[in-house]
Amino acid sequence: MDVTLTIDNREVTVPAGTLIVEAARRIGIEIPVFCYHPKMLPVGMCRMCLVTVGLPVVNRETGRPEVDAAGQRVIRWLPKPVTACTEPVSEGMVVITDSAQVAADRKGILEFLLTSHPLDCPICDKGGECPLQDLTYRHSPGVSRFDIASKYHAAKAYPLGDLIVLDRERCILCARCTRFQQEIADDPVLAIENRGRDAMIVSYSEPAFNSHYSGNTTDICPVGALTTRDFRFHARPWELEHTASVCNHCGVGCNIVLDTRLGRIVRVMPRQNELVNEVWICDKGRFAHHFHASSQRLTVPLMRQGGRMVEVSWDEALQHVATRLRAICEQHGAEAIGGIAGARLPNEDLYLFQKLLRQVIGTPNVDYRVGLSAGFEDDIVAEVGVACGTDLGRVGCGTAILVLGSDLDEEAPILYLRVAGAARHGATLINAGGRATKLDQRATHVLRYRYGSATHLVLGLLHVVLHETNEQGRALTGNEIVPGRVRGLAELRAHVSEWTPERVATISGVPAEAIRAAAHAFAAAQNGIIIYGGEAGNHPALRRAIANLAIVTGFVGRPNNGVIAVLAHANSRGAEDLGIVPHRLPGYAPAERHGLNATEMVQGGVRALLVAGADPFAISARQVNLEFLVVQELFMSATAQQADVVLPAVAPGERSGSYTNLERRVQYFHPALLPPGMARPDWSILRHLAVLLGAGGWDYATPAAVFEEMARTIPLYANMSYERLTQPVEISRHMAHYIYAGMSYQSEAYEGLQWPTLAEQAMHTFVLEWQAPPPDPPTRGVVLVAPRVLYDGGTLLGQTQLLASHVVTSHVAVSPQDAAVWGLADGQRVRVAVCAREIALPCRVNPALPTGVIAIPRNLANNVAEMLLGEGQLFSPAGLIVEKQQGS
Amino acid sequence: MTSQAFYEELQGVLKKYPVKQSAVLEALYILQRDKNYLSDEDIHTAAEALEMTVTEVQAIVGFYSLFRRQPTGKYLIQVCTDLPCALRGADAFYRRLCERLGLPPEGGTTADGLFTVEEVVCLAACDRAPVAQINLQYFEHLTDQAMDAVIARLREQG
Amino acid sequence: MIRTIGLGAVEIARAMWITLIHLLRRPVTNQYPNEPVAVYPRFRGRHVLKRYDNGLERCIGCALCAAACPTDCILVIAGENTPEARYSPGERYGEVYEINLLRCIFCGYCAEACPTEAIVLEYDFALSVYDRWDAIITREQLLQPHTPPHIVLRDDTTLEPNWGQWGGVARPAGKAEGQASG
């Protein structure tokens, strides 16, 4: 329902429930605020938004508004000013924001705020983009009646954790930071302590300000009270150059701005994209940019000559690579050559990489699944992925989200914020996982399955959906699916009939009633989203079961419906799309000839290996058994150290390109810096190599030319171009004013483009294929799990000193019950042995783990988990030995 | 108070509230009751029992002046010395009280740990000043002799 | 003919007389650099970074001088004071402070923008260098008290601004020595 009101003699019609401050912004009237933030609930703490409000007088007899002699409505003015940020509009309301009274109110509030605010704007990081500074210039009385000598003094440069610095003098107690931590980040580790003048922001968590989202509080802080350690004193805001970019640390694809000064990135700020990251980014994305400026970057091509790496020219290096590849190809055939590309490379590079190997060299051996990407792939999203137009930031009541085997807070932090936000707004959230995760606190249903039984759990859910009816006696299957478009429903129903919740309960350990309740809640929703991650195990039957569940519930092909796979790297989705796997060509076309996968290649399946942006030999157990190894890298990684030729590549901030995020959104990023030394972008290296190998038509001058070819040849990318990816988004969707966005400039805003899934095609026929689940996991014994953590031992993250203390050190996490049984305490060494491999690590008691599960995070220094389990294995089979190491 | 006893008492308290966190004030009151102040350990106990973060509990403790974070004597004597009371001699009365208990003018806790004297602003009893609040009990129209008698009686009680 | 010669002689004699008189007068030419040049008090020459009496630098690295500079000839990179290495009062100091004197137009906006009166345009105008790079003067050079022997302040108080109008109490924008701003 809409409501019409008058603000400063201008009529505006807005939906009922809109706050006055938002209604005013809609017609371009700015009401100054400090504490109000459109992403959070209003509190009315700062009183800056005071306005005069009048309501129409209604005649009690007629029920109509009274009019005076002149025919004007009679207005009853409220006796005191009203905070525009907490007051919703009502029909006929009259608001005045430009009267002398309102101006006097603002003067008074600012005069009070400034009694305790220091005048150190010249040294304040916020100076120049500070709402308090700007609003003081605009609305303050100019002089204060308070004595400067009696100004309040408090701790300056108080470390609130090691990333955020608090200046207690500057804080105006608007509580934006504490509310962000409470309402949005779900980490209530900030609070206001004490009262009156003694009130201050504190954090007593261990370590202080323990949150993955702490940097966002510095963006929304309306004064310079919260600043980051990283940006501290590095530049004044007006000295910065801004480049629109996309974060490359996980698959969410947060839009960011690289703020550079003197050719270096000095800070990373979120760039608004309501469909991806709203206005937030995680601390890894914000602070882990230092790899760009690392002194250890490779800048010159290196070639092994007589056992030593020698600096050579590009011509020499590339000629050598081409000669050797040609020789090996002639001698052993093209199959003797393979290629491994990291999923952190942009689309253009990945496309050329597979094109070089498949078309120029003629080998099917292409893979990206090494490191974090190992052992986890996704082939169902192309059919049943979330449909175009999905916006997790707007779903709420009526939507069900099933999170399966993913710790979103660690694996895809901003996706966590959006899923938790949906749950906060009424969405049904089912969190199914092998251990307690942070998302549990927002979940309406928590299903704690035994590791290895995720597939059985999904079959249990399928059983309920296909065999049970709801309270009204209606089937749980979705009626959006036209029966003619689904094949194999009867067969699937017959197959899952034996997977009753009771049977699944004995296998998975999840109570049958919980499975039933979750399935009913999931199927009852109008929209459903399934988010699955690596901890569910990556059995093909699991992926099939998830796709089947999405199809039979009808949660496919419509916006806010479908599946999201939480893949590891920034462009893992793009790698899947572009066929950087041995069995698929770009655009999910099946390959005629299946090549070797990454594991087979590094174990000696090929004689020559091209590696770009990946580190397949990081696991020290692996021996390099190759005739020829070429590595395109930023750093001298473990693989590069073994290489015959090392080619210096450029980092994402130094080039343009595009990433495809988890929701299949292709997003373009601009170059912000110059590459160091002689480094070249990967696509350019591949192009030169192809030309030297005699390929024709490889005359791409820019990534745009590569993308143009992708759009022409791959149906998924049809209709896409850099122009369309960088289509500016209409400003009305944005919180235009920097007061809300934390910076002094209006950053460019693009939404990117999603490619449509098969389910969105009107004529697509869904085939409900049946795949038998993997064998039941053992119900006894200990399981070793290798979960992903945000601050792991990754190559890029390791270059940021600031986050060094946050990086997880190698340890074994043990549940308190098991620790008691084994007599373990924090820090004691544990011996873990599996399949003739063993390791001794310090123990960390972690109450999030269930009994019988121990965890060693993936991708830590020395890759201990990968050494024990084998790369790509997320949890151990039976036969695990855990014991306290003697003498510790 | 042992944590065992605390958890037992808390179970009864929790029944009164729809969500655990609502019981935070009562839980803190139970923890403070016996020794008159909340130690760091108590804050952690409350946070753990009520599934809150330490920061949240600490913020609540900081907000309410009746929760004390420093070791306090068995008897907390609060004397108002604000203007109306001072006009009736409360400030001099307070200074003399500190002197007689051997405390510095800003108050503090006696060596035997029995009394803590504190200057406060307004006890809402200006008309009966000098006034002292001893562990939530009011003593009005005080003179030095009357106060000495009260202190002697409390000393006897130990 | 004789008359012409006579007139000529007179003219020569008059000219020589002027020459003769000027020989006896004080010369107006300044024998720079053998003799110092006197400049007026508000002359704007080479910059100097000032210190407080206690030796701490006035510059807080706020870069407002660089922001005010119309030719963008000032580069400031700020650093953070630590208890072990304290350069200025407060938290921040100018770690790098460079002025490109080839670009500078000596307008004095930097000094006007400075909130701590750290950067001041003083009297040195002899700024020739043998190498272009030497025209970029660094923080270390700027912090040295710079009193070149060939320049003196003109001893002419009539051109001084009349501070009396400020009541003789304090100079405008004056701050207690050695205090942090704000």
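Tutor: Start with burial. A residue is buried if 20 or more other C-beta atoms lie within 10 Å of its own, exposed if 12 or fewer, and partly exposed in between, with C-beta atoms placed from the backbone. This is a predicted model: local features need pLDDT of at least 70, side-chain atom pairs count only at pLDDT 80 or more, and totals for chains, interfaces and linings use all residues. Residues are numbered from 1 along each chain as its sequence is written, while chains are lettered from A and ligands numbered from 1 in the order in which they are written.

Student: What percentage of the 888 residues of chain A count as buried?

Tutor: In chain A, 54% of the 888 residues count as buried.

Student: Where is C:Pro89 found, and is C:Pro89 buried, exposed or partly exposed?

Tutor: C:Pro89 sits in the loop between S3 and strand S4 (92-100) of chain C. It has 19 C-beta neighbours inside 10 Å, so it counts as partly exposed. C:Pro89 is 36 residues from C:Phe125 in sequence, and their C-alpha atoms are 31 Å apart in space.

Student: How do I read a sheet, and which order has the open sheet of 3 strands in chain A?

Tutor: Strands of a sheet pair through backbone hydrogen bonds, either parallel or antiparallel. Two strands pair if DSSP finds at least two bridges between them. Here the order is S30-S31-S32 in chain A, with antiparallel pairing. Strands S30 (657-660) and S32 (753-754) of chain A stand at the edges with a single partner strand each, so one side of each is left without a neighbour in the sheet. Strand S31 (residues 665-669) of chain A is joined to S32(A) by 2 bridges. A:Val666 stands opposite A:Leu753 in S32(A).

Student: What do contacts say about the chains?

Tutor: Two residues are in contact if their C-beta atoms, placed from the backbone, lie within 7 Å. Within chain A, take contacts between residues at least 6 apart in sequence: 73% join residues at least 24 apart. Between chains, 8 residues of chain B are in contact with 12 residues of chain A.

Student: How many residues does the contact take from chain C and from chain A?

Tutor: It takes 15 residues from chain C and 12 residues from chain A. On the chain C side, helix H2 (64-68) and strand S3 (74-80) of chain C give two or more residues. S3(C) supplies the largest share, 3 residues.

Student: And domains?

Tutor: Their bounds come from an automatic or database domain assignment. Chain A has five entries, including domain 4 (381-565) and domain 5 (783-884). The C-alpha centres of domain 4 and domain 5 of chain A are 29 Å apart. In chain A, 14 residues of domain 4 are in contact with 12 residues of domain 5.

Conventions. Helix = DSSP H or I, 4+ residues; strand = E, 2+ residues; numbered from the N terminus.
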